[in-house]
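This report looks at how the parts of one chain are arranged and joined. Please keep the sequence and the structure in view while reading.

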Amino acid sequence: TDILLVLQVRLIMKAHSFVRENVPRVLSSVKDKSGTVPIPRISQYLYFLFAPTLIYRDNYPRNPMIRWGYVATKFAQVLGSLFYAYYIFVRLCIPQFRNSSQETFNLRGLVLCIFNSILPGVLILFLVFFAFLHCWLNAFAEMLRFADRMFYK
């Protein structure tokens, strides 16, 4: 359910950007009574939906070709990150809470479990950041030939 919520927020943000960029152009052309109304094509909107950007433009800088080896490397890095996060979770987080579930509840045990899970949790957050914001977005940017790769700015 969290993934669906994140996808819905992304789609709402993209729809807002699309409307905010196109409504002023359409209104100004109607106000000027020009013969042509600049309505974007469906292909431009579909490209925008899959492109790793939240700012709508009619045209984006494009690479001349797709480097499939680069795409495969990025997807392999996503898989490697997921397996490594699973390994960290199983080896470092679950045993802490498994041992605490067999004991009677005390505040000291809970605090120790939480503090022992902070470092693995931060490692997992870094892996998720790397897997999604670096590898996943770069792989899709390459497949769409999207040339503007400044995801961190």
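Helices are here DSSP runs of H or I that span at least four residues, and they are numbered from the N terminus. The model is a predicted one, and every value below is computed from it.

## A nonpolar patch on the surface

Using that definition, helix α4, which covers residues 107-143, supplies 8 residues to the nonpolar patch, the largest share of it. The patch itself lies on the surface and is formed by Phe97, Phe105, Leu107, Leu110, Val111, Ile114, Phe115, Ile118, Val122 and Phe126, which together present about 1000 Å² of accessible area.

Leucine 107 is one of these patch residues, and its place is in helix α4. Is leucine 107 buried or exposed? Its relative accessible area is 58%, so leucine 107 counts as exposed, the cut-off for that class being over 50%.

Arginine 25 forms a salt bridge with aspartate 58, and here the closest N and O atoms are 2.6 Å apart. This pair likewise links distant parts of the chain, since arginine 25 belongs to helix α1 and aspartate 58 to the loop between α2 and α3, 33 residues apart. Arginine 25 is partly exposed, with a relative accessible area of 30%, and aspartate 58 is placed in that class too, at 26% relative accessibility.

Glutamate 142 forms a salt bridge with arginine 67, the closest N and O atoms being 3.0 Å apart. Glutamate 142 lies in helix α4, whereas arginine 67 is found in the loop between α2 and α3, so the pair ties together parts that are 75 residues apart in sequence. The two partners fall into separate accessibility classes: glutamate 142 is buried, at 0% relative accessibility, while arginine 67 is partly exposed, with a relative accessible area of 41%.

The chain is divided into domain 1 (1-60) and domain 2 (62-152), and the C-alpha centres of domain 1 and domain 2 lie 31 Å apart. In the contact, 6 residues come from domain 1 and 7 residues from domain 2.

The size of an interface is often given as the accessible area lost when the parts come together. For domain 1 and domain 2 this buried area is about 630 Å², of which 75% is on carbon and sulfur atoms. On the domain 1 side, Tyr47, Pro52 and Tyr60 lose the most area to domain 2, together accounting for 83% of what that side buries. How many salt bridges are counted between domain 1 and domain 2? The count is 0.

## Buried residues of α2

Which residues of α2 are buried? They are Gln44, Tyr47, Phe48 and Leu49, and what covers these buried residues of α2 includes α1.

Methods
Residues are numbered from 1 along each chain as its sequence is written. This is a predicted model: local features need pLDDT of at least 70, side-chain atom pairs count only at pLDDT 80 or more; totals for chains, interfaces and linings use all residues. Side-chain values use heavy atoms; hydrogens and water are left out. Patches are made of residues with over 30% relative accessible area and no salt bridge: like charges are joined within 9 Å, nonpolar side chains (Val, Leu, Ile, Met, Phe, Trp, Tyr) within 5 Å. Accessible areas come from the Shrake-Rupley method with a 1.4 Å probe; for residues, only the protein chains shown count as cover. A salt bridge is a side-chain nitrogen of Lys or Arg within 4 Å of a carboxyl oxygen of Asp or Glu. Helices (H or I, at least four residues) and strands (E, at least two) are DSSP runs, numbered from the N terminus. Buried means under 20% relative accessible area, exposed over 50%, partly exposed in between (1.4 Å probe, protein chains only). Domain bounds come from an automatic or database domain assignment. Contact means heavy atoms within 4.5 Å. Buried area is the accessible area (1.4 Å probe) that two parts lose on being put together, summed over both.
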